[in-house]
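Please look over the sequence and structure below before reading on.

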Amino acid sequence: MPGACAGARDVILRDGTTLRLRRPVAADAGAVVDLFRGLSDQSLHYRFHGHPAVGDRLVAPFLDPDGHDREALVGTLVENGTERVAALASWVRLRDPAVAEAAFVVEDALQGRGVGTRLLEQLAALAAAAGVEGFVAEVMAENLGMLRVFGDAGFDVSRTLEGGTIEVRFPIVPTDAYREKVDTRDHVGVVASLRPFFAPASVAVVGASAKPGSIGGKLFANIVDGGFTGRAYPVNRSGEAVAGAAAFRTFADLPERIDLAVVCVPADGVIAVAREALEHGVRALCVISAGFAEIGGEGSERQERLLALVRAHGARLVGPNCLGLAATGCRLNATFARECFPPGPIGFASQSGALGLALLEKADARGLGFSAFFSIGNKADVSSNDLLEYWQDDPDTGIVLLYLESFGNPRKFARVARRVARRKPLLAMKSGTSRAGARAASSHTAALAGSETAVNALFRQAGVIRATTLEELLDVAALYASGSAPRGRRVGVLTNAGGLGILCADACEVAGLELPQLAAATRATLAALLPPEASLANPVDMLGSATQETYAGVLPVLLADPGLDALVVLFVPAATVGAADVAATVATAAAANDTGKPLLAVVMSEEGIPPGLRDAAGVASFAYPESAAAALGRAADRADWLRRPAGSVPELGGLDIAAACSVVEAALARGGGWLDSHDLRTLLHAYGLPLVAERAAETVDEAVAAARDLGFPAVVKTAVPGVHKIDVGGVALGLATEEDVRAAAERIGPPLLVQPQLHGHAELLAGLVQDPVFGPLVAFGPGGSLAELVGEAAFRIAPLTDVDASELVLSGKAGRLVRGFRAIPPSDADALAELCLRLSRLGDDLPEVLELDLNPVFGLERGCVAVDARARIGQTVPVTRAKTW
């Protein structure tokens with residue numbers, strides 16, 4: 001396969017098949033000639049506006065493009081073990097270097113499947129990286145297919161008709177509208193590609209045998225015992241029957257084309273098995289086998305070859321190094337779980353197979369059912385992002401659970417998760433929370449950041465409910481599985497033990513919930529139902545004498561209280577009534593609950609959660625009141641997020657990106673490092689970031705003259721790049737006279753900066769840091785020399801929306817400062833939000849700006865201004881990912 005690894009990238013088509021794109025090389029000449037010769041007369045005419053002689057001379061300009069003045073991509077497929085070129089796209093830079101002419105051709109059999117649009121997306125990205133700003137194309141008026149490609153891509157297209165040709169022009173800068181179109185295409189394609197995993201009509205298990213301890217045999221038996229509604233076939237070299245089913249030696253021997261192949265053979269045999277399966281039409285592979293990237297070295301190389309093979313055949317891969325998958329819609333249990341778990345609303349993906357299976361067992365004990373379970377293992381191909389795409393519109397999935405150990409494409413996750421979370425609860429547990437091994441940080445912003453900071457920011461922005469323990473993950477899932485969620489934070493608590501009620505009240509406060517006073521009508525009704533000694537406050541303590549009838553009478557009253565959003569009912573064993581009776585009463589109340597308010601129950605007993613509650617509809621059961629309160633708090637957080645406007649990334653004016661790029665390129669040419677004051681000011685001004693007036697001084701006399709011009713009182717600082725100025729004694733404040741300035745300048749020593757003194761304003765910190773996985777993080781918090789000690793900076797992942805920026809500025813302790821605190825007057829919140837948006841844009845545009853501190857930033861009545869800044873430049877190494885959707 002010539003050039004198969006030369007910058008290869010994969011795209012997914014609307015029918016779910018994948019297409020591998022790469023730059024064509026000289027060895028592809030024959031394959032490109034074959035593409036042109038295989039075109040119909042009409043397709044050839046549309047591409048060249050005539051019928052040229054097809055040969056090496058015609059294809060030569062497309063081969064080995066330089067990536068600057070011309071570029072090309074071929075789309076390749078593998079059939080019968082041979083790669084063929086099925087599509088070609090190219091651009092050539094015109095006299096105006098900002099414009100390139102683009103052209104496309106797709107073999108007739110693939111036309112209408114979205115190939116041209118996917119080629120355009122990738123070609124435009126390469127052109128933009130080369131400095132091209134717009135495309136122009138000459139399209140024959142009757143070539144409606146190509147005109148649709150341009151019109152539907154999402155770019156702002158203009159058309160001019162000249163004779164029988166239409167000139168199409170459009171800028172290729174990605175806009176929100178364009179990204180939305182791309183995401184929609186990704187969604188349609190990914191969902192189609194995953195259907196063979198979720199609803200296969202036929203499954204083959206390769207490596208299934210009747211030998212005791214056989215992994216494949218056990219998995220095949222689980223498929224059979226689970227009552228799979230399709231047809232299951234064991235495949236092994238001996239042809240020996242497995243679990244009562246006739247076996248087959250090869251895919252060629254099977255009676256039908258297989259939808260899903262589950263591979264359970266030693267690692268060194270996986271690629272041969274995969275090749276055979278793919279060549280016989282399999283489009284979905286689940287590789288259980290270990291011995292791939294998780295062992296590094298040879299295993300990583302083996303995984304890359306496996307993925308390339310799968311992609312070349314337009315297929316999808318779950319694993320390798322996983323424990324299988326299950327889908328209850330077709331009763332498929334291709335896992336090592338002891339039993340086929342009950343159907344229910346939860347879709348669950350786990351990067352750890354063993355942990356995933358353990359959680360399934362715990363969930364079964366809680367009465368929770370699942371629509372699907374995927375152990376994604378090394379996630380060489382199918383990832384949690386893909387599964388989110390599928391579950392987004394899946395009617396059988398109402399709740400999504402994720403156990404994550406790493407992120408492959410955090411930005412993609414953020415976009416997809418945000419869409420899913422607005423439709424259904426999305427719960428995640430992310431392991432690896434320790435900061436051990438984090439790199440030493442040089443700036444305030446970097447010191448305050450960390451991998452956990454990035455994860456929390458990502459989940460917050462995307463509306464993901466983050467659980468800190470597996471128990472909490474199941475607790476929140478149980479709440480949502482009960483069928484309702486709180487609209488607010490007002491909680492009622494009902495108990496037969498005062499101490500338990502107090503514990504629950506304390507836990508509610510910790511979870512950010514409120515226990516409001518009950519309505520007067522509610523209290524009056526309760527007074528008629530309960531003894532005089534009972535407490536009618538919230539929590540409502542019915543005392544230990546409460547009976548089953550007491551619970552039955554009080555529950556509907558509290559559920560009907562208009563001032564409550566949820567109700568937690570507590571019970572400890574008492575002489576007057578048993579746990580089973582109270583459980584039955586709570587279940588009856590839940591069945592009659594038409595308020596839409598969640599009902600949570602903590603009924604303590606020796607047996608744990610009583611079966612009558614575990615299996616009841618409309619009630620979520622918990623072992624302890626703290627667990628119930630924590631789950632309710634998480635759900636209330638999501639309710640707040642759902643009420644939050646979605647926001648958008650605003651267009652910013654006053655940018656001079658070319659000037660900023662010049663500063664960065666010059667710094668990189670010097671080996672990177674901290675910018676000096678001149679280059680730093682140029683960078684900040686290029687992005688409209690306000691910096692206090694200042695003068696650089698190389699001598700004491702120059703410092704005195706600068707202070708005289710700027711006015712007193714003055715500030716003198718060291719201008720040595722990158723140092724913490726206060727730590728080295730490099731700052732002198734409140735200099736009222738020329739003599740003060742001279743003395744400070746002599747003490748600090750050149751190079752120097754001189755500024756006018758500002759005071760009486762909120763001191764804040766704003767900055768950005770490039771996370772190696774998540775990209776630019778924007779920080780905002782209390783500023784000054786104690787910023788790291790205070791440690792209250794909040795972070796968001798770029799690109800920030802207007803809503804993100806506003807929340808960043810107005811949340812936490814920084815928000816209290818911005819609104820005005822004691823003698824500090826209120827600051828211009830809009831100006832500070834715009835400052836964060838400009839930092840976000842800078843970090844997105846210039847990943848070489850590794851750290852940038854604005855500390856302190858003074859919040860003014862109108863506007864804001866940074867009085868100190870630092871920025872460090874360094875070369876970033878982009879992570880190359882073969883998958884582009």
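## Aromatic pairs

Phe459 is buried, at a relative accessible area of 2%. The model is a predicted one. The ring of Phe459 pairs with that of Phe407, with the centres 6.1 Å apart and the planes at 65°, so the pair is edge-to-face. Phe407 lies in the loop between strand E18 (399-404) and helix H12 (410-421), and Phe459 in helix H14 (residues 451-462), so the contact ties together parts that are 52 residues apart in sequence. Phe407 is also buried, with a relative accessible area of 12%, since buried means under 20%.

In the structure there are 19 aromatic pairs. One of them joins Phe348 and Phe373: the ring centres are 5.5 Å apart and the planes are at 40°, so this pair is tilted. Phe348 belongs to strand E16 (residues 343-350) and Phe373 to strand E17 (residues 370-375), and the two are 25 residues apart in a link between distant parts of the chain. Phe348 is buried, with 0% relative accessible area, and Phe373 is buried at 0% as well.

## Ring cluster and charges over rings

Ring pairs also build a cluster, whose members are Phe104, Phe135, Phe150, Phe155, Phe170 and Tyr178.

Two arginines have the charged end over an aromatic ring. For Arg422 the ring is that of Trp641, with the charged end 4.3 Å from the ring centre. For Arg302 the ring is that of Phe292, and the distance to the ring centre is 5.9 Å.

Side chains of opposite charge can pair when their charged atoms come close. Over the whole structure, a search finds 48 salt bridges. Asp186 and Arg118 form one of these through their side chains, at 2.5 Å from N to O. Asp186 lies in helix H6 (residues 176-198) and Arg118 in helix H4 (residues 115-129), so the bridge ties together parts that are 68 residues apart in sequence. Both ends count as buried: Asp186 has 3% relative accessibility, and Arg118 has 4%.

Asp183 meets Arg415 in another salt bridge, at 3.2 Å from N to O. Asp183 is in helix H6 and Arg415 in helix H12, so this bridge ties together parts that are 232 residues apart in sequence. Asp183 counts as buried at 11% relative accessibility, whereas Arg415 is partly exposed, with a relative accessible area of 33%. The residues of these two bridges belong to a network of salt bridges that links Arg118, Glu121, Asp183, Arg185, Asp186, Glu389, Lys412, Arg415 and Arg419.

Asp637 and Arg489 form a salt bridge in which the closest N and O atoms are 2.4 Å apart. Asp637 lies in helix H21 (residues 625-643) and Arg489 in the loop between helix H15 (470-481) and strand E21 (491-495), so the bridge ties together parts that are 148 residues apart in sequence. Asp637 is partly exposed, at 35% relative accessibility, while Arg489 is buried, with a relative accessible area of 17%.

## The largest cavity

How many cavities of 30 Å³ or more does the structure hold? There are 3. The largest cavity has about 150 Å³ of space. Its lining is made of 21 residues, and those nearest the centre are Ser677, Leu680, Lys725, Leu753 and Ala869. Helix H23 (677-686), strand E30 (752-756) and strand E36 (869-873) are the elements that give two or more residues to this lining. By class, the lining residues of the largest cavity are 11 nonpolar, 4 polar and 6 charged.

## The second largest pocket

The volume of the second largest pocket is about 970 Å³. Its lining has 42 residues, with Phe104, Gly116, Gly145, Met146 and Val149 nearest the centre. Phe104 is also a member of the ring cluster.

Which element gives the largest share of the lining of this pocket? Helix H5 does, with 7 residues. The elements that each supply at least two lining residues are helix H2 (41-48), strand E4 (82-93), strand E5 (99-106), helix H4, strand E6 (134-140), helix H5 (144-152) and helix H6. The lining of the second largest pocket divides into 20 nonpolar, 12 polar and 10 charged residues.

Conventions. Residues numbered from 1 in each chain as written. Predicted model: local features only at pLDDT ≥ 70, side-chain atom pairs only at ≥ 80, totals over all residues. Heavy atoms only, no water. 1 Å grid on protein atoms, 1.4 Å probe; cavity = no way out; pocket = protein on both sides within 12 Å on 5 of 7 lines; lining within 4 Å. Points joined across faces, edges and corners; volume = space filled by probe spheres on them. Helix = DSSP H or I, 4+ residues; strand = E, 2+ residues; numbered from the N terminus. Nonpolar A, V, L, I, M, F, W, Y, C, P; charged D, E, K, R; others polar. Phe/Tyr/Trp six-rings, centres within 6.5 Å; stacked < 30°, edge-to-face > 60°. Buried < 20%, exposed > 50% of the residue type's maximum accessible area, 1.4 Å probe, protein only. Lys NZ or Arg CZ within 6 Å of the ring centre and 35° of its normal. Salt bridge = Lys/Arg side-chain N within 4 Å of Asp/Glu carboxyl O.
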